[in-house]
Amino acid sequence: MSNRYVYGVVEGDTVEFETEAVAGADRVYTISHRRLGAVVSDIDTTDPEETDEDAQRHDEVLREIMDDDGGTTVVPMQFGMAFESDRELKNVLRGARPAFRRAMNDIDGTVELGLKLVSEADADIDREAIEAAAADRFEPIADQSVTNDLFSDRLVLNRSYLVAEDERETFDEAVADFEADHDDVIVQYTGPFAPYSFVDVKIGAQQ
Amino acid sequence: MFILDDLLLRPFVGIIDALHSIALDELYDMEALEDDLKENQLLYELGERSDEEYRRRKEELEAELETAREVHERLSSGRVEVKR
């Protein structure tokens, strides 16, 4: 178990706790280079297979990091980043330092929330009107938003919103109001997640 | 239209090849299969699909996706020839 699986990168903090981690590990900890730290668990491969269970553990560990010590900003990594050694990982932290710092600035004090609006089966709905109503209601509260893949004909909207922690409650209420006003769509509201969709730092030794 | 265009533009491509290529694309459309997988997950999460049905469909789709991947790999490695 000499390889390191990375969840995300934190600044200035050292995160360490016991949890159900990816690939059966039971502890996550931090490997630091100067003020940047990669939160990792031990793993015996550099090419982990993405099972549903491990993808979920990856998300949950990130959520635990976000809640750690009264709230920690973490630049999340996508599933599957594993490194041969601590040395290799520190080199990456050094090399990508400016990118991490920028990402850290962008997402400091925010969470990602997901919203899917799904039409009822066989319902005849005005998609444009629903999209417009959603934009009016949610965009002013969010710092940023991105659209995700409409992978089903029944999906009217599939977006991720970057929302400041202290606007969370307002956003929750807006979603509840929207749901009450629209009988013809099913609302799937998910999160909070680490803001994957709003950081663009790709690291890796294998690529 | 597609077949017609193809034939007009490239008279050397036989109709069988064109049809074969369309069939392969449709049969092994990885993007569509991935979408179906996500839709299956969504409908399960919304409670419209039972646990059993969700798992069965998921297994089917994953197997189809695996086959599609193999076919695409063979296509790109040139072991199966499709002229377009």
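This is a predicted model: local features need pLDDT of at least 70, side-chain atom pairs count only at pLDDT 80 or more; totals for chains, interfaces and linings use all residues.
Let me start with the overall division of chain A, which falls into domain 1, covering residues 3-108, and domain 2, covering residues 110-193. If you look at the C-alpha centres of these two domains of chain A, you will find that they lie 29 Å apart.

Which residues touch the most other members of the largest nonpolar core? That core has 33 residues, and the ones to pick out on your screen are A:Val6, A:Tyr7, A:Val39, A:Ile65 and A:Val74. Several elements of chain A each supply at least two residues of this core, namely strand 1 (3-11), strand 4 (36-43) and strand 6 (82-83), together with helix 1 (52-67), helix 2 (86-95) and helix 3 (97-107). To take one of those residues, A:Val74, and to set aside its neighbours within four places in sequence, its contacts are A:Gly8, A:Val9, A:Val10, A:Val39, A:Leu62, A:Ile65, A:Met66 and A:Ala194. Apart from this core lies another one, of 18 residues, and among them are A:Val111, A:Leu115, A:Tyr161 and A:Val185.

I would like to turn next to a sheet in chain A, an open one in which 4 strands follow the order 8-9-7-10 with antiparallel pairing. Its edges are strand 8 (144-147) and strand 10 (185-193), each of which pairs on one side only, and from one strand to the next the twist averages 20°.

A:Gly191 and A:Pro192 are joined by a cis peptide bond, with omega at about 0°, and A:Pro192 has its place in strand 10 of chain A.

Is A:Arg34 buried or exposed? A:Arg34 is exposed, because 11 other C-beta atoms lie within 10 Å, and the cut-off for exposed is 12 or fewer. For A:Asp122, phi is about 60°, and the residue is found in the loop between strand 7 and helix 4 (127-138) of chain A. A:Asp122 has 6 C-beta neighbours inside 10 Å, and therefore it too counts as exposed.

That brings me to chain B, which has 4 helices and 0 strands, so that, in the sense of reading along the sequence, the pattern is α-α-α-α. Of its 84 residues, 5% count as buried. Among the contacts in chain B with a separation of 6 or more, 59% come from residues 24 or more positions apart.

Finally, how many residues does each chain bring to the contact between them? Chain B provides 6 residues and chain A provides 5. On the side of chain B that touches chain A, the classes are 2 nonpolar, no polar and 4 charged residues.

Note on methods. Residues are numbered from 1 along each chain as its sequence is written. Chains are lettered from A and ligands numbered from 1 in the order in which they are written. A nonpolar core is a set of buried Ala, Val, Leu, Ile, Met, Phe, Trp, Tyr and Cys residues joined through C-beta atoms within 7 Å. A residue is buried if 20 or more other C-beta atoms lie within 10 Å of its own, exposed if 12 or fewer, and partly exposed in between; C-beta atoms are placed from the backbone. Two residues are in contact if their C-beta atoms, placed from the backbone, lie within 7 Å. Ala, Val, Leu, Ile, Met, Phe, Trp, Tyr, Cys and Pro count as nonpolar, Asp, Glu, Lys and Arg as charged, and the others, Gly among them, as polar. Domain bounds come from an automatic or database domain assignment. Two strands pair if DSSP finds at least two bridges between them. Axes are lines fitted to C-alpha atoms, for helices over the stretch in contact, and angles run from 0 to 180 degrees between N-to-C directions.
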